[in-house]
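Open the model in your viewer and keep the selection panel at hand. This tour goes from one selection to the next.

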Amino acid sequence: MGNLNNETVRPVIKTPAKTKVPVISMQHVKRTYNMGDTKVFALKDISFTIYQGDFVSIMGPSGSGKSTCMNMIGCLDRPSGGIVKINGKETALMNEKELAVLRNQTVGFVFQQYFLISSMTVIENVMLPLRYAGIDRKERRILAEKALERVGLTDRINHYPNELSGGQKQRVAIARALVTKPRIILADEPTGALDSETGKAVMKLFWEINKSGTTVVIVTHDPRVGASARRCIKILDGLILSDVKIIHKAVKK
């Protein structure tokens with residue numbers, strides 16, 4: 001039968017749901033260290049997957065294994081057993097040069113102590129990873145200026161680290177991590193050296209970075225920082241104690 005309204009009948013096509021892309025996968029990961037005659041079990045059996053666009057905290061006390069997890073994600077260490085995949089690549093099968101390339105292209109690091117080079121200006125510090133990546137100087141400066149604009153430090157580009165506050169130094173470190181456009185920002189105790197108000201501002205910046213689609217992983221012992229993420233993985237004695245999603249209520253303006 002024809003359409004009474006002489007309109008073309010179009011079939012309803014359902015758009016398939018977007019498949020989440022895993023960027024970090026740890027499956028039954030173990031890590032042991034030999035200290036003299038003693039074998040230390042840093043990770044006993046760790047399994048989790050982190051997807052593109054996630055905002056995850058890995059939380060635990062000193063000696064829990066969280067720093068070893070961070071080293072696995074950052075391609076700074078290899079597992080003694082199990083499988084670690086970063087951006088789909090199994091790190092245990094890669095040589096040191098391949099791991100260095102994966103680190104540079106995929107992971108941006110932010111540390112508690114900033115690790116800025118005191119003899120370099122703010123913009124020179126941010127340009128440094130691009131130099132290692134082989135980007136020419138003109139392009140390095142353009143990208144570094146954009147990264148510093150993103151963290152609100154365009155008025156400090158020619159200052160040196162000793163002329164900055166702790167919060168400003170951490171923003172420079174975040175800009176340096178962002179400048180290579182990594183898929184993952186990996187932060188180790190990023191608010192540990194900051195006062196509470198400055199720490200809140202830095203966490204707000206991580207939220208803004210995450211909203212743009214970058215995966216953010218924060219390693220911390222601080223429950224307040226851990227609860228600031230969308231998901232919190234708690235580790236104790238080399239095992240996962242809990243892995244929960246965190247619901248954040250919208251703040252009314």
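Before the first stop, a word on helix axes: each is a line fitted to C-alpha atoms over the stretch in contact, and angles between N-to-C directions run from 0 to 180 degrees. The model you are viewing is predicted.

**The whole chain**

Start with everything shown. The protein chain has seven helices and 10 strands. Its C-alpha atoms fill a box of roughly 85 × 50 × 45 Å along the principal axes. There are 253 residues, and 44% of them count as buried. Now think about contacts between residues at least 6 apart in sequence: 67% of these join residues at least 24 apart.

**Two helices side by side**

Select α3 and α5. Their axes come within 7 Å and cross at roughly 30 degrees. Angles under 35 degrees count as roughly parallel, so α3 is roughly parallel to α5. The crossing of α3 past α5 is right-handed.

Which residues of α3 and α5 meet here? Show side chains to find out. From α3 come V122, N125, V126 and P129. From α5 come V172, A175 and R176. Sorted by class, this contact has five nonpolar residues, one polar and one charged.

**The largest core**

Next, colour the largest nonpolar core, which has 36 residues. L148, I174 and F206 have the most contacts inside this core. Six elements can be picked out by range, each giving two or more residues to the core:

- α3, 122-132
- α4, 137-150
- α5, 166-178
- β7, 184-188
- α6, 196-211
- β8, 215-220

Which element gives the most to this core? Select α6: its share is six residues.

Zoom in on I174. Setting aside neighbours within four places in sequence, I174 is in contact with V110, V151, V202, L205, F206 and I209.

In soluble globular proteins, nonpolar side chains tend to be buried together.

**Last stop: E145**

Go to helix α4 and pick E145. Is E145 buried, partly exposed or exposed? Its relative accessibility is 33%, so E145 counts as partly exposed. E145 and L178 are 33 residues apart along the chain, and their C-alpha atoms are separated by 11 Å.

Methods:
Residues are numbered from 1 along each chain as its sequence is written. This is a predicted model: local features need pLDDT of at least 70, side-chain atom pairs count only at pLDDT 80 or more; totals for chains, interfaces and linings use all residues. Side-chain values use heavy atoms; hydrogens and water are left out. A nonpolar core is a set of buried Ala, Val, Leu, Ile, Met, Phe, Trp, Tyr and Cys residues joined through side-chain atoms within 4.5 Å. Buried means under 20% relative accessible area, exposed over 50%, partly exposed in between (1.4 Å probe, protein chains only). Helices (H or I, at least four residues) and strands (E, at least two) are DSSP runs, numbered from the N terminus. Contact means heavy atoms within 4.5 Å. Angles under 35 degrees count as roughly parallel, over 145 as roughly antiparallel, 65 to 115 as roughly perpendicular and the rest as oblique. A crossing is left-handed if the near helix is turned anticlockwise from the far one by less than a right angle, and right-handed if clockwise. Ala, Val, Leu, Ile, Met, Phe, Trp, Tyr, Cys and Pro count as nonpolar, Asp, Glu, Lys and Arg as charged, and the others, Gly among them, as polar.
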